[in-house]
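My plan is to jot down what I looked up, in the order I got curious.

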Amino acid sequence: MTEQAPHRLYLREDQIPTQWYNLRADMPEKPEPIRLPNGQVAAPEDLAPVFCDELVRQELDDDTAYVDIPEPVLEMYRIYRPSPLCRAYNLEKALGTPAKIYYKFEGNNTSGSHKLNSAIAQAYYAKAQDLDGITTETGAGQWGTALAEASAHFGLNLDVFMVKCSYEQKPFRRNIMETFDAHVTPSPSDTTEIGRKMLAEHPDSSGSLGTAISEAVERALNIPGNKGRYTLGSVLNQVVLHQSVIGLESYAAFEELGEYPDVVIGCAGGGSNLGGLIAPFMRDKIKGVRPDTRFVAVEPASCPSLTRGRYAYDFADTGRTCPLAKMYTLGNGFLPSPDHAGGLRYHGMSPIVSKLKHDGYLDAVAVKQTDVFAAAVEFARLETILPAPESAHAIFQAVEEAKRCAETGEEKTILFGLTGTGYFDMKAYDAYNRGEMSDHVPTDEELEAGFASIPHIEGVQ
């Protein structure tokens, strides 16, 4: 069937996965456990004030391979899933490559990205716990948009702290969140103690995901009657678990095609879409079924946690209020430049993705934003989808892989994740089209300033 592969392959609705897949269960060595600032391993009761009870269980469960998807979540999934596995025939032709390029398109929903896969789950668990409200952060706005939709569906109040540079660059993202009745605040803000502290230290701060997380956690802990919780759109084990629906659908679609990817590529900021996409394929690699499959994480050169960061325990937020995770990090105090990498401007990386990288299962590359947008524009003109800047990182690397195949004559099968659309990123596209976009690559000195904020835990690191 491979030669007649459709431009877009949609699975049937009854092929939507009914269970999420937990890759940790099959990893030879588990990711390091979450720890408290004193070095002790975090227990469920330590996380319960911040996260919903079921999400805490999922976060700490390294052994259960498959987790049932609740029916109310599946009911919402059916509105926009399965998402298509697409063949980039026009891109292949333009590159003159013998490679086959496939992409899993997650932008075909109102939120415009993969984020809805976890937002629905997290909002459902909050409602099932009889909470009144939830809080979150958002970078480029995709996560905030998705959670606003999910919160409206389940009848929850939502406070969103949006990274200030994105708040200013992408007002229409904010408008969508507000359409779904979410309250959106630019971060850092003067509405929280942590925000006021950050503004005092950096009055002109453009914000960061780490700061927005701190503000959202503080707000959640102050919702009356213990009726609030915090939700996170990436990084955490629970989010990677929910995003496994992407990889599971991709896996089933390749089975229908009689194909299997030689290379799997995903953009990487916090790591959830990448972790979800690669999950079932990485399982095959780990178990020796497909040991030669390559996995590539693509991150912005402006925020290079995987390629230039340190593998260490670090706080998940700039305010240092959250527990610590063992991850590739630039330091919780690292302040990324206000470029258009959007949701990829987080100082750390998923513990799962970090462990896979550290143990040699995963490669990583960092790309400048002008190169990313060049790939985005070429893809848009050929494949008629305007990609999100985040997604375009994966497009860039897929093109590089296909070009190498053109040189070597190898007929590799390439899969990348097209995580969302860029229709609310037009300020960035305008800057690129006008030749006004610049690249910022942090110096070693800038990175050292961030590394200085990584805590030392006696007996651990």
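**Entry 1: a serine.** Leaving aside neighbours within four places in sequence, which residues is Ser-151 in contact with? I looked it up in what is a predicted model, and found Ala-123, Ile-134, Leu-156 and Leu-158. I placed Ser-151 itself in helix α6, which covers residues 142–154. Is Ser-151 buried or exposed? I got a relative accessible area of 2%, and the cut-off for buried is under 20%, so Ser-151 counts as buried. I also checked how far Ser-151 is from Ala-449: the two are 298 residues apart in sequence and 38 Å apart in space, going C-alpha to C-alpha.

**Entry 2: a leucine in a loop.** Next I went to Leu-131, which I found in the loop between α5 (116–128) and β6 (133–138). Being in that loop doesn't leave Leu-131 exposed: its relative accessibility is 5%, and I noted it as buried. What does Leu-131 touch, not counting residues up to four places away in sequence? My list reads Cys-52, Ala-126, Leu-156, Asn-226, Lys-227, Gly-228 and Arg-229. For a distance check I took Glu-29, which is 102 residues from Leu-131 in sequence and 36 Å from it in space, C-alpha to C-alpha.

**Entry 3: helix α17.** Then I moved on to α17, residues 426–433, and asked which of its residues are buried. I wrote down Ala-428, Tyr-429 and Ala-431. Looking down the axis of α17, I saw that these buried residues fall within an arc of 160°, so they line one face of the helix. Part of what covers them is α15 (369–383). Just after α17 I came across Gly-435, which has a positive phi of about 75°.

**Entry 4: stepping back.** I finished with the whole protein chain, where I counted 18 helices and 15 strands. Its radius of gyration is 20 Å, close to the 23 Å from the globule rule for 461 residues, so I put the chain down as being as compact as a globular protein of that length. The C-alpha atoms fill a box of roughly 60 × 50 × 50 Å along the principal axes. I noted that 64% of the 461 residues count as buried. Among contacts with a separation of 6 or more, 77% come from residues 24 or more positions apart.

Methods. Residues are numbered from 1 along each chain as its sequence is written. This is a predicted model: local features need pLDDT of at least 70, side-chain atom pairs count only at pLDDT 80 or more; totals for chains, interfaces and linings use all residues. Side-chain values use heavy atoms; hydrogens and water are left out. Helices (H or I, at least four residues) and strands (E, at least two) are DSSP runs, numbered from the N terminus. The radius of gyration is taken over C-alpha atoms; the globule rule is 2.2 Å times the number of residues to the power 0.38. Buried means under 20% relative accessible area, exposed over 50%, partly exposed in between (1.4 Å probe, protein chains only). Contact means heavy atoms within 4.5 Å. The arc is that of the directions from the helix axis to the C-beta atoms.
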